[in-house]
Amino acid sequence: MSKIFVIFGATGKQGGALINFILQDEALSKEFNLRGITRKASKPEAVQLKERGVEVIEADMNDPPSLRPALEGAYAVFAMTNFWDKASAEAEVAQGKAIADVSLTAGVSLMIWSSLPNVTKMSNGELTTVEHFDSKAEVEDYIRSLNFPSSAFFLPGWFMQNFWDNFVPKPKMISEDTVLFPFAWPPDMRMPLIDIGDAGKYLAPALRDPAKYNGAQLVSATAFYSAQEIVDIWSGVSGKNVRLATGDEVEQFITHPLQRDVLRPGPLFLRYGYFGPNGDRDLDWTLAQLDPADKLTTWEEFLVRNGPWDFE
Ligand SMILES: NC(=O)c1ccc[n+]([C@@H]2O[C@H](COP(=O)([O-])OP(=O)(O)OC[C@H]3O[C@@H](n4cnc5c(N)ncnc54)[C@H](OP(=O)(O)O)[C@@H]3O)[C@@H](O)[C@H]2O)c1
């Protein structure tokens, strides 16, 4: 009999990508019956999931009793939270812990959590304000303390999709052939880029062999790219001269205080790196676990797929 796999964020990027991956994988699609969680089953993304054979159940992470029927009978859970919904670390921790508690009570065997590094610990207490990383790490620690039969932790890098997310300003034509990339990132600053549509490829090892990957952190990205490489590759694909913004130029793009730390990199990215000092080693380890058939999307392929690039 197929095992029930409950996927939070089913209508969003991470959970949606995991569902796509499992549905197209011959073995995993037979092994699991997918159950997608949403707050609103009538929304188009949820209706489409239903049409593709996914069971859709309404539940709200802010309402723990609603999680009980959602997790009933589940063998595996992919849990994620959307920090930006409330922009509150406290709310994110409460949501994550609620899912973990109810999952444990429901007898879940494989608990997968979308986590991020603990920046306060990584920086020996120097950086204490990267809340949306620390809050996810706090939930990871909590899940570890619950001793599920198996667990795994997905640590995604910087989504390639961020560059045209509504929150982030769009690159802007500033002359006939020059485009300003609205980030004042030093040219040699390196970011781990992930096409979040590839999420399932990184999680596949833990799904195929939960015992082997019990407790593993899957630090996930196609590769580290320097800021200079990011704009150079974009230039190559678009045929325009895409260049990094200066600190002064970036000011014109800032319309929300939260953008400031992203468009101008904070000390985490500058001094420690997105995944911390062991990021290269940890990413190499994850990449070595993946099935070579599950080819990861490069930044260039991602740009080609999302073109043509008619900048405004
Ligand atoms: N962007 C990046 O580079 C990056 C990198 C690492 C980590 N992250 C983290 O990724 C998370 C966002 O993930 P995403 O981009 O995959 O999200 P997304 O595409 O914005 O989708 C959010 C999902 O969360 C669900 N959701 C939100 N609040 C919920 C609630 N109270 N109860 C039940 N479901 C709820 C939504 O479901 P319904 O709306 O259907 O209910 C939706 O499926 C953030 O926490 C962010 O910190 C982002």
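Reader: How far does an oxygen atom of the ligand lie from an N or O atom in the side chain of lysine 43?

Author: The distance is 2.9 Å. A polar contact is a pair of N or O atoms within 3.5 Å; within protein, one must be able to donate a hydrogen and the other to accept it, and residues adjacent in sequence count only if both atoms are side-chain atoms. The model is predicted: local features need pLDDT of at least 70 and side-chain atom pairs pLDDT 80 or more, whereas totals for chains, interfaces and linings use all residues. Residues are numbered from 1 along each chain as its sequence is written, and side-chain values use heavy atoms, with hydrogens and water left out.

Reader: Which polar backbone atom is 2.9 Å from an oxygen atom of the ligand?

Author: That atom belongs to phenylalanine 83. The protein covers 89% of the 940 Å² of accessible area that the ligand has on its own; such areas come from the Shrake-Rupley method with a 1.4 Å probe, and for residues only the protein chains shown count as cover. Threonine 11 also has a polar side-chain atom 2.6 Å from an oxygen atom of the ligand.

Reader: Which residues around the ligand come nearest?

Author: A residue is counted if one of its heavy atoms lies within 4 Å of the molecule. Of the 29 residues around the ligand, the nearest are Thr11, Thr38, Arg39, Thr81 and Asn162. The shell comprises eleven nonpolar, eleven polar and seven charged residues. Here Ala, Val, Leu, Ile, Met, Phe, Trp, Tyr, Cys and Pro count as nonpolar, Asp, Glu, Lys and Arg as charged, and the others, Gly among them, as polar.

Reader: Which element gives the most to the shell around the ligand?

Author: Helices (H or I, at least four residues) and strands (E, at least two) are DSSP runs numbered from the N terminus. Helix α5 gives the most, with three residues. At least two residues each come from α1 (13-24), α5 (83-86), α6 (89-105) and β7 (158-159).

Reader: Why does tryptophan 84 count as partly exposed?

Author: Buried means under 20% relative accessible area, exposed over 50%, and partly exposed in between (1.4 Å probe, protein chains only). Tryptophan 84 counts as partly exposed because its relative accessibility is 46%. This residue lies in helix α5. With Phe167 and Leu258, Trp84 forms a nonpolar surface patch of about 280 Å² of accessible area together.

Reader: What is the phi of alanine 87?

Author: Although not a glycine, alanine 87 has a positive phi of about 45°. Alanine 87 is in the loop between α5 and α6 and is partly exposed, because its relative accessibility is 40%. Asparagine 147, likewise not a glycine, has a positive phi of about 55°. Asparagine 147 sits in the loop between α8 (131-145) and β6 (150-156) and is exposed, at 64% relative accessible area.

Reader: Which peptide bond is cis, with omega near 0°?

Author: The cis bond runs from glycine 307 to proline 308. Proline 308 belongs to the segment after α15 (299-306).

Reader: Is serine 115 buried or exposed?

Author: Serine 115 is buried, at 1% relative accessibility. Serine 115 lies in the loop between β5 (110-114) and α7 (119-122). A polar contact of 2.6 Å joins the side chains of serine 115 and glutamate 140.

Reader: How many residues apart in sequence are lysine 201 and lysine 295?

Author: They are 94 residues apart in sequence and 8.0 Å apart in space, C-alpha to C-alpha. Lysine 201 lies in helix α9 (residues 199-208) and is buried, with a relative accessible area of 17%.

Notes
Patch = residues over 30% accessible without salt bridge, like charges linked within 9 Å, V, L, I, M, F, W, Y side chains within 5 Å. Salt bridge = Lys/Arg side-chain N within 4 Å of Asp/Glu carboxyl O.
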